[in-house]
Amino acid sequence: MRQTALWRSIACAAGLAMAQPALAQELAPGASAPGTASGAAQIAETPATETPASGAQSRPVSGGTPAGPNDPVKALTADHAKFAILKGPFASGPEVTAACLSCHTEAGNQVMHSVHWSWDYQNPATGQQLGKAHELNAFCGNVASNEVRCTSCHAGYGWDDVRQPAPQDPTRVDCLVCHDTSGQYTKLDNAAGHPPLDPVKEGAKTITGAKATAVDLVRAAMSVGAPTRQNCGSCHFYGGGGDNVKHGDLSSVLFDPPRAVDVHMSKDGANFTCEACHVSDKHVLAGSRYNTDVAKAHEAMQPGADRTTANCTSCHTDAPHKGPNPLIAMKLNDHTDRVACQTCHIPEFARGGVATKTAWDWSTAGKTRDGKAYAEEGFTQSDGKHLHTYLTIKGDFEWGENVVPYYAWSNGVMRYTLPEEEIDPGQVVEINSIDGSPGAPDARIFPFKQMIGRQAYDLERNVLLFNHVYGPGDGSALWSYYDWEKSLKAGMDYVGLEYSGTFGFVDTHMYWPITHMVAPKEDALNCESCHAPNGRMANIAGIYVPGAGIGIGGQLGLVIFLMAAMGAAGHGALRVFGRKGGHHG
Amino acid sequence: MAERQVKVYTRFNRLWHWSQMVSILALVFTGARLLGLHQLIPFGPAVVIHTGVALALLVLWAFATFWLFTTGGWQQFVPRLQGMVKVARYYAFGVFKGEAHPYHKTYERRHNPLQAASYFALKMALFPAIWISGLLYLSYGFWDAADGQATWLTLIANVHVLAAFAIAAFVVIHIYLLTIGHGFRSHVQPMITGYDTVDLTPEAEAYLAQKGLLKD
């Protein structure tokens, strides 16, 4: 992870600036001057040591030295660098968490009620049991049987079997992955969420694909603060196994994006952290790609107004366009009951120089050269980096930068093709399909990344199959043995589902809502992007788009007009032909 | 009966006509852009011009309607059947044989029956259709919460475009008909100078002379 000092959370709504941990660490113990009030004086005069004070003002063992009246004033009421209990030593991540929980007694419980922890989500709109622990996707397919690799990004430690709920012990919650601001905390890519600690194995990698170096848990523990882009991004920017692979609108560019890539997150823009929009309540963060808030209008900045949703209108309202031309502003506002903000204001995704994976054909995985796995690097990213277009372990890929989204009516609800759901192999299988009917009040035309896949299914039972890809040394993992038969059998056995033993590959589509990388307004789509023949709304039902084609009224009108014109021309020609009745006056 | 140069079009009448002409041309041009028939100007400015000109034209229409009713000018546009067949026959047959136009315009009725019927249809059907649909179209933001508004908007837009083409068709025929009879120049001239040649009874002549509406 990179250093994040400049990207401190701006805590925008409250206007608070976060304390700089570096500054906190420079504070000399006992530098405070005696206070005037007797109680305060008593504490301040106590020699500042790491042992707790005794007597009436005694503090819990975890406590640190309170700042005196002559110390610099900090924005927060607790300086974690001062807490004795955070000075370690720590032998593991859970030990740090135990220290955190000694004060924040309810925090572990809160986290364990979030999807960050449970990877389990019951969609109230469809009743479907979703979440990473259950669903299938168009990338690596499934978590089950591949845990220690996939759960490397779990907000916890040691979840090595997703057939069971995540561990019940609150010290298994990983506080640091979200709250470390030292910039050096990270997780191994294959250790079920544990960080790299001394001694780090040769060749070990972190969840971002970087070479792993030992994490200093004490430094991390003393640095804790509100999550920065660095914290969220170290997992979310690398979903699907690499930078921007999965989402398309979440890449490492967003650690420090230029204004043109993300007007909200750029230092030259609003300098938002993720949490500026994904506001949290009891460690549960707003925003969901299973049940997205696409249509709720919010009063802007009114006292008490609901801002607990990650929605553009939470701040901008549903009539955000003002001048300079009031008529254009009015007409643009007329769109907001039909068109999501993102549709115009995220003209393309995977901007800023990091490509996203747009197609993944698993059916070609397993080819070897001289019995060995090989790779092809057929795509060159705009920064010159070569990206894989074939891997023995994964098959063929396609990549895209500056990708025009796929547009669809959406009420925010995603309906998944779940395991054991019968598919029609003659059709493209929608791994998730977008709910929402054209013109419905709760639906908007929303941009998506359409992921094109080709995935394994049971030829006899017509269901998608679980694949076992990660498991060095177990004799069946696809990524080690390149054998689909063994991989699929192991995957289905692991989850206890029936498998006929014969498999094929079926074309799939998966949809990811595009909502990040909001461009500056001058880069938003212009009218002609849609108001033109074959414009971006060409395949969208239920809307009338002037300029996109001539409707029935126009066609009828054109016929009337042409008949009039031809009638006049014919009448005129007859007059000229007869050389009579013309200009005799 | 004597043919005299009578002031048939007042200053307001001519101003009305020509501003209407300019407005309608601008509306047809920008409207065609919005419909996608050409890309000579960007969409956004086309929306602004189309809306601005339309609103200005509506104001002009409001004045013109007031003026027609206060001056009695509205009576010019009341349709009637008398003589209709003759005129229709003329345009269908007679005009090719060099016959003279069967209608003689009078001061009270400067339009022939077919012309009056056309103007009546224009004013009573096409103009209301275009401005009612246009205003509804423009004010979408005020009624977009209504049920089935997408269907309504599509319907309104289609009516608007259909009416626009019908008006454009009217313009084509209107201009074409100026070439019939005394010819284009002599037909356009009265709308510039205000004076046209009209057959007058001695009484009418005397009356109009007294009113100062005759050219010496």
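## Exercises on a predicted two-chain model

In chain A, strand S15 (residues 444–458) and strand S16 (residues 503–513) run antiparallel and are joined by 11 bridges. Helices (H or I, at least four residues) and strands (E, at least two) are DSSP runs, numbered from the N terminus. Residues are numbered from 1 along each chain as its sequence is written, and chains are lettered from A and ligands numbered from 1 in the order in which they are written. This is a predicted model, where local features need pLDDT of at least 70 and side-chain atom pairs count only at pLDDT 80 or more, while totals for chains, interfaces and linings use all residues.

### Exercise 1: a strand and its partners

Work out which strands pair with S16(A), and whether S16(A) is enclosed or open.

*Solution.*
- Start with the pairing rule: two strands pair if DSSP finds at least two bridges between them.
- S15(A) meets this with its 11 antiparallel bridges to S16(A). One residue pair to look up is Phe448(A), whose bridge partner in S16(A) is Pro513(A).
- Strand S13 (residues 429–430) of chain A pairs with S16(A) too, over 2 bridges in the parallel sense. Here Val429(A) has Thr508(A) as its bridge partner in S16(A).
- Next, take burial. A residue is buried if 20 or more other C-beta atoms lie within 10 Å of its own, exposed if 12 or fewer, and partly exposed in between, with C-beta atoms placed from the backbone.
- Of the 11 residues of S16(A), 8 are buried, so the strand is largely enclosed by the rest of the structure.

### Exercise 2: a helix beside those strands

Compare the span of helix H14 (residues 484–495) of chain A with the expected one, then find what its buried residues pack against.

*Solution.*
- The expected span of a helix is 1.5 Å times one less than its number of residues.
- H14(A) has 12 residues, and its first and last C-alpha atoms are 17 Å apart, close to the expected 16 Å.
- The buried residues of H14(A) are Ser487(A), Leu488(A), Ala490(A), Gly491(A), Met492(A) and Tyr494(A).
- They pack against S15, helix H13 (478–481) and S16 of chain A.
- Just past the end of H14(A), Gly496(A) has a positive phi of about 75°.

### Exercise 3: backbone checks in loops

Find where the non-glycine residues Asn244(A) and Ala350(A), with their positive phi, are located, and say whether each is buried or exposed.

*Solution.*
- Asn244(A) has a phi of about 65° and sits in the loop between helix H9 (229–236) and strand S3 (280–281) of chain A. Its 27 C-beta neighbours inside 10 Å make Asn244(A) buried.
- Ala350(A) has a phi of about 55° and belongs to the loop between helix H12 (341–345) and strand S5 (356–361) of chain A. With 28 C-beta neighbours inside 10 Å, Ala350(A) counts as buried.
- While you are checking loops, look at two cis peptide bonds as well. The bond from Gly88(A) to Pro89(A) has omega near 0°, and Pro89(A) lies between helix H2 (38–45) and helix H3 (93–103) of chain A.
- The bond from Asp198(A) to Pro199(A) is cis with omega near -5°, and Pro199(A) is in the loop between helix H7 (176–179) and helix H8 (217–222) of chain A.

### Exercise 4: where the chains meet

Describe the side of chain B that touches chain A, and classify the packing of helix H11 (residues 326–333) of chain A with H2(B).

*Solution.*
- Two residues are in contact if their C-beta atoms, placed from the backbone, lie within 7 Å.
- By this rule, 37 residues of chain B are in contact with 43 residues of chain A.
- On chain B, the elements that give two or more residues are helix H1 (11–35), helix H2 (43–71), helix H5 (140–143) and helix H6 (149–177). H6(B) gives the most, with 16 residues.
- For the classes, Ala, Val, Leu, Ile, Met, Phe, Trp, Tyr, Cys and Pro count as nonpolar, Asp, Glu, Lys and Arg as charged, and the others, Gly among them, as polar. The side of chain B that touches chain A has 23 nonpolar, 11 polar and 3 charged residues.
- Now the helix pair: the axes of H11(A) and H2(B) are 10 Å apart, at an angle of about 110°. Axes are lines fitted to C-alpha atoms, for helices over the stretch in contact, and angles run from 0 to 180 degrees between N-to-C directions.
- Angles under 35 degrees count as roughly parallel, over 145 as roughly antiparallel, 65 to 115 as roughly perpendicular and the rest as oblique. H11(A) and H2(B) are therefore roughly perpendicular.
- The contact is made by Leu327(A), Ile328(A) and Lys331(A) of H11(A) with Gly44(B), Val47(B), Val48(B) and Thr51(B) of H2(B).
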